[in-house]
Amino acid sequence: MNSYLNSLYELAHLFDIQVAYNDIEHHRRQATVEALIATLQALGAPILKLDDIPSAIRERRQALWQNYTDPVLVTQNGHLAPIKLRLPSSMVDTPVDITVSLEDGDQAYWHFQSKDLPTIEKADVNGMIYVTKRIRIPMKLPLGYHQLIMELNNRLVQACIISAPRNAYSDIDKSNSRYWGVFVPLYALHTKESWGGGNLSDLEAMAVWVSGLGGKVVATLPLLATFFENTCDIGPYSPASRLFWNEAYIDIEKVRGFESCDAARKILISDVFHEELERLKKSPVVDYRMQIDVRRRILEQLSRCCFTGNPSQLEKCRDFVKTKPMTEDYARFRATCEKRHAHWHSWASPQKEGVLCQDDYDEETKRYHVYVQWLANEQLKRISQKAGEKDVKLYFDLPLGVHPDSYDVWRQREAFVLGVSAGAPPDSFFTKGQKWGLTPLSPDGIRKQGYKYYIAYLRHNLQYADILRIDHVMAYHRLYVIPHGFDASHGVYIRYHPSEFYAIVNLESYRNKAIILGEDLGTVPADVRTKMVRHDLYRHYVIQYEMSPTEGMPFSAVPEKVVASINTHDMPTFAGFWQGDDIQQQYELGLLDKDDVKKEHVKRQHLRRIVIRFLKRERFVTESSPGIREILKGILAFLSSSKAQIMLVNLEDLWLEKKPQNVPGTSEKNRNYCRKLFYPFEKLSQLPEVLDILSEVNQRRKGAIWRKNNRRRQLTNTGQKQKLT
């Protein structure tokens, strides 16, 4: 058995699977044989049982060595590292012709003799001797995506070259600014005129309001396409695509052509519509399915008017499709799902494999999906321009994955690993682990396509995002996956090629002049944060994670390159945390027993005392017996005065909201991702407790800028060389 186990581990290594990992308690967790085999099968290993492992090892090693070079090559600042050329020993005299086709169309050529190239490795692979040669390309490459074409022995080998800056973009260093802004989920933001939930015009209004208070950032959750069928998860982190927008956020009354579309206006003034609208407005939660049903009846009429009676609008819509031709394909996919009342996994061939004909869908439904993507894009473009005029940055969130029934998995099949779900291993909070139901990227597949899909969905979000949060940035390095049929405690980690992800995100960040924030909360290996710092990705600094019962200093030092906040959308609100509501919640979820609850409340009480003493000593709080609101103001004052270059305030904390927007690992019964803000925008934007706190945040952020610039002048005048802090 030991020999089989060693062979299984060798095969896992060849497929970039970790056979063990250290858990949150630093205990070594060994993957089970069953989980390893199931994951290997999902990654394409030809094994059904242990006896198949030796032949699978031979096949995999042969396949890896038969790739003459890596499918992706990375340069930093234009300097391409030496290329590794793998050859059978019988081909060491083969001439090699290399062409580099630059992104702008220019080409460069080189001719080499293999025998003259340095040999850096030899290996016996299944009885055949292979050698690895080293090739240096004497050329500095411009930034961009280039193609290397290698011709040898009448064969063509291609590789994608990513020529990227070493660091991601940041304009904050240039201005010495200390930004602040607010976080609010767009679905939760609502006005007296909203149709049951926030829309893109509400996002624009929020940006204008924040600008008027001195803020520079408006942050929200993903705005990506969603399935609204009853069988689907409607959460923002399980999108139907990362390449298209969610039409539920379109402000219908701002649609051009609305006034001239009689059919749409007739619905708008009908009694039935007003009754439905009143129900949507009065509900404390967003009823997504009812909302999209109400909206769609009008949007369908507007779509018909556009395609049949509004030539100028139709021309603009077609111009949009020309710039993004994939929209037609996406629309056909969504229309086919609706006609069949089933997702693509249950389709027959060839539709399941990505081939659709006109009989597979309704043409009018396809037009609808094209139309709403155009509308969403137009409104986002307008909002982006308006925010730019107000010097406000839009902060978008990019989910880790997509729904397994998504358009992306259907169309970009080679980029994904089917048969497994992304998740997280057991930890102190989720003792059984987490299974997120997301289809992960394939380490091999995404490289073979030159990261085409990854680049596409980055660009889709970055066209309007000034700050982009990369959910679970650790997935650049490795990702915990659970084979279908297994529980979350029986997953394994698969490894990726982080240098390639960082190169792409740096390049796209630079080209779009966008700041990149990597979500690095929870159990994250140290080398992940080291790489983030090296490439200038911003990190999170979250008070609720950073609190510790250390007498005198309950918070760790706040670095500069962070987005600082009290909490995130996945965490308790400040009031809920301070009063220990999250402890009771863990008990109700079965994560704590009664004795644990008592212990946690004692710890929390101790933590509160230490925090209050610290805030008093540093004069962030001046009252002798401060209440919860004064404590909130004190912690925000601490963050506002810190070195953090970006600071976010969760709007709901300002009126001491106790209910969180999301409780990870819970079912839809907990109403995750659908609770509206307690106040409509018109009300909250005038609340004294909101305006007072944000005014103080703004003044302290300005003070942080003054202190840094004043300190810089002092050091310059005295000729000191010590580092600014």
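Me: Tyr 454 and Tyr 457 lie in helix 14 (residues 452-462); by about how many helical turns are they separated?
Reply: In this predicted model, the two tyrosines form an edge-to-face aromatic pair, with 5.2 Å centre to centre and 90 degrees between the planes. Both Tyr 454 and Tyr 457 are buried. They are three residues apart in helix 14, so the separation is about one helical turn.

Me: Which residues form one aromatic cluster with Tyr 454 and Tyr 457?
Reply: The structure holds 35 aromatic pairs, and the pair of Tyr 454 with Tyr 457 is edge-to-face. Besides these two tyrosines, the cluster takes in Phe 416, Tyr 451, Tyr 453, Tyr 476, Tyr 496, Phe 501 and Tyr 502.

Me: How many residues apart in sequence are the parts that the pair of Phe 614 and Phe 638 ties together?
Reply: The rings of Phe 614 and Phe 638 are 5.7 Å apart centre to centre, with 80 degrees between the planes, an edge-to-face pair. Phe 614 is buried, as is Phe 638. Phe 614 belongs to helix 20 (residues 594-617) and Phe 638 to helix 21 (residues 628-640), so the pair ties together parts whose separation in sequence is 24 residues.

Me: Is the disulfide of Cys 261 and Cys 305 right-handed or left-handed?
Reply: The sulfur atoms of Cys 261 and Cys 305 are 2.3 Å apart, and a disulfide requires them within 2.5 Å. The count by this rule is one disulfide. Its torsion about the S-S bond is about 70 degrees, so the disulfide is right-handed.

Me: Where in the chain does Cys 305, the partner of Cys 261, lie?
Reply: Cys 261 is buried at a relative accessible area of 1%, whereas Cys 305 is partly exposed at 24%. The pair links distant parts of the chain, 44 residues apart. Cys 261 sits in the loop between strand 13 (217-219) and helix 6 (262-268), and Cys 305 in helix 8 (residues 288-309).

Me: Which cysteine sulfur is nearest to that of Cys 357?
Reply: Cys 357 counts as partly exposed, at 41% relative accessibility, while Cys 337 counts as buried, at 4%. Cys 357 is in no disulfide, and the nearest cysteine sulfur, 15 Å away, is that of Cys 337.

Me: Is helix 9 roughly parallel or roughly perpendicular to helix 11?
Reply: Helix 9 (residues 311-323) packs against helix 11 (residues 363-389) at about 85 degrees, with axes 10 Å apart. The contact includes Phe 320 of helix 9 and Trp 374 of helix 11, and its residues are six nonpolar, three polar and one charged. Angles of 65 to 115 degrees count as roughly perpendicular, which makes helix 9, relative to helix 11, roughly perpendicular.

How values were computed: Residues are numbered from 1 along each chain as its sequence is written. This is a predicted model: local features need pLDDT of at least 70, side-chain atom pairs count only at pLDDT 80 or more; totals for chains, interfaces and linings use all residues. Side-chain values use heavy atoms; hydrogens and water are left out. Axes are lines fitted to C-alpha atoms, for helices over the stretch in contact, and angles run from 0 to 180 degrees between N-to-C directions. Helices (H or I, at least four residues) and strands (E, at least two) are DSSP runs, numbered from the N terminus. Angles under 35 degrees count as roughly parallel, over 145 as roughly antiparallel, 65 to 115 as roughly perpendicular and the rest as oblique. Contact means heavy atoms within 4.5 Å. Ala, Val, Leu, Ile, Met, Phe, Trp, Tyr, Cys and Pro count as nonpolar, Asp, Glu, Lys and Arg as charged, and the others, Gly among them, as polar. Buried means under 20% relative accessible area, exposed over 50%, partly exposed in between (1.4 Å probe, protein chains only). Rings of Phe, Tyr and Trp (its six-membered ring) pair if their centres lie within 6.5 Å; planes under 30 degrees apart count as stacked, over 60 as edge-to-face and the rest as tilted.
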